[in-house]
Each structure stands twice: as structure tokens, then as C-alpha cells.
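Dear colleague,

Please find below the structure for your review. My notes on it follow directly after.

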Amino acid sequence: VGDTAAEVEAAVGDGSAWGFDVTYIPQDAPRGLAHCVLIARDFLGDDDFVLYLGDNLLEQDLRSFVDRFEVARAAALAPPLTGAVEEPAAAQILLMQVPDPHQFGVAELDAAGRVVRLVEKPADPPSDLALVGVYLFDRTIHEAVASIAPSARGELEITDAIQWLIDHGHRVRTEVLEGWWIDTGKLTPLLEANRLLLEKLEARVDGDVDADSRLDGRVVVEAGARLVRSHVRGPAVIGEGTEIVDSFVGPFTAIGRRCRVERSEVEHSVLLDDSAVLDAGRIEDSLLGHHVRVTRSEQRPRATRLMVGDHSQVALG
């Protein structure tokens, strides 16, 4: 964690909500992904591990990706019957075909399908196989990250560390991603990720829905949430402790905890915890951060598009 450590720790806590334990490792400055591995050396020990970039979202189950890495390593370490010995993979990278590889790290493969080179945002891409932000490593990567120099932007690049493995004769397995992959770092892909996840939603009502409200389709109303004279059309999620009053919540909307939507329409949007949308007309294709307050001084029949950071206030007139 870096300068957003407090926000990350507030959101994730000790991990018990998801059934796992979380250890936080502070990074004093954004010195690169390989630097993250470098400073996590004592925590990781000699274990195999996954490096997963938090803004990546995959449809594919990560378990199958990990299992194939471990099976391939076990097979390589088993006593050979034929006399042929294959070195166990030191790393496994996940690739996906993309229409414009200029915007990504790209893998160059040889005729046998083995990765020979990684190129970051190449002017002349050697393939259309982009690096997805999920990597599996064994302990060999620790030598690699300790051996590379910072890049031109002053960071220790994980692609340089993987290239070090390749250049020093270590095997790097590749797999091509099945299903979708979204980098959620910008508004449009984040909303698309929200849409894809809500497509898998199963309806559930643990909160209160009054007799004058209506739910259509797959809607989740969490415990402590209240709907009063409102209409929610799924797929949609209404978070714990949230109140929807005299409002319409349209498809593909996720509303966090302790929010309030009153006399407004919200569709295809994400509202994070403790936000309020009051007399705001119609909001669509929008992302509201934590503790955001959106009001309208004069009602007008037009849609509003917003990307609003945490602790902001927006008055629409």
C-alpha cells in the first residue's frame, strides 16, 4: 500500500469478510511492481505466489490458472520415464488477444509458442497478445527483481524482471485468457465491469420494501436497506442501510452502503458508500465516490454524466 493506505485498509480491513487474512506492506513511493515484490521478500519467503493487479477484472476463474501452473511444475519435477527433463516454469503469464496491442505490454512468442521477449507499448507490436495483470511466480523472481535496474520512469518494472528470467534461461509459461478482461482504471471500463458482474446477480431481498415500491428483475436489497415509494429495475444492488425514496433505480446500478437517493433517477451507475443523490433529476453512466452529495437547485429534464471523487459536493442547477 502507498499513499492510499488508509482508504485501502478501511475498505478491506483484516479480510475476514471474505474469509482470509490480510497483511499490509507499505511502499514509500510508487517504485514499480517489481519493487513491490522486492519489499515483500520476507512475507513471501520461498512460496510460489500470485501477483494480481487490483484494477484488473477477469471472467476466468483464477483457480484453474493456478492449478495448471502447479501441475506443470509438478510434472517437470517428477522423475522422467523417457530421459527427457524439462525445467519447471519459474513464472506463468496470462495473455489476451487485443485489437490494438500498441497500448499494452506485448509478448513475442517463438514458433513453439514459448515467450522470448516482452515489449512495453511497442510501436511495431510483435504480436497481438497483451499481458494481462495476473502473474504467477516461484522464488526465482526474487533474484530477478534484485538484479534489474529502474526503467526510464524510475521504476522497477515487472516486465523487466520477467525478461530477466527469460534471458537467464528460466522457463516462463503462457496461457491465453478465456472470457473477458477489463482494466477498471477509467470510468467507461469500470461501468462495463459493473455491468458484467451484475449480469451474474441472483435476486435477494433482506431489507424493507414497502407496498408502494416495485422490484423488477434481479435485484438485491441488502439488510437494513429501505425502499419507499420507489421502483428498482434489475440487475441492481441496493447496499446495506441505504434508503431509496420516491425514486427510480434503473438496470446495471450498484448503490453502496448508507446512501440516500431521493426524488431522483439513477441508471447504469455506481454509487459508493455514504453518498446522497437528492432531487437530482436523472443521472446515468456515472460514478460517485464515497461521501458524495449531488443535489439540483432547479429540476430540469436532462441526463447528467458524472465522475466524482471522494468527499465531493456537486450542485446541479
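The notes cover a pocket, a helix pair and some backbone features.

This is a predicted model, in which local features need pLDDT of at least 70, side-chain atom pairs count only at pLDDT 80 or more, and totals for chains, interfaces and linings use all residues. Residues are numbered from 1 along each chain as its sequence is written, and side-chain values use heavy atoms, with hydrogens and water left out.

The second largest pocket has a volume of about 1800 Å³. A pocket here is an open set of points on a 1 Å grid over the protein atoms alone, where a 1.4 Å probe fits, with protein on both sides within 12 Å along at least five of seven lines; the volume is the space filled by probe spheres set on the points. Its lining comprises 40 residues, with A11, V270, L272, D273 and H290 nearest the centre; lining residues have an atom within 4 Å of a point. Two or more residues each come from helix 1 (5–12), strand 2 (56–58), helix 7 (187–198), strand 18 (253–255) and strand 20 (270–271). Helices (H or I, at least four residues) and strands (E, at least two) are DSSP runs, numbered from the N terminus.

The axes of helix 5 (residues 140–147) and helix 6 (residues 158–167) come within 9 Å and cross at roughly 115°; axes are lines fitted to C-alpha atoms over the stretch in contact, and angles run from 0 to 180 degrees between N-to-C directions. Helix 5 is therefore roughly perpendicular to helix 6, a term covering 65 to 115 degrees. The contact (heavy atoms within 4.5 Å) involves T140, I141, E143, A144, V145 and S147 of helix 5 with A161, W164 and L165 of helix 6.

Most residues other than glycine have a negative phi, and most peptide bonds are trans. The G234 to P235 peptide bond is cis, with omega near 5°, and P235 sits in the loop between strand 14 (231–233) and strand 15 (236–238). F252, not a glycine, has a positive phi of about 60° and lies in the loop between strand 17 (248–249) and strand 18. H291 has a positive phi near 60°.

Kind regards

Key: Angles under 35 degrees count as roughly parallel, over 145 as roughly antiparallel, 65 to 115 as roughly perpendicular and the rest as oblique.
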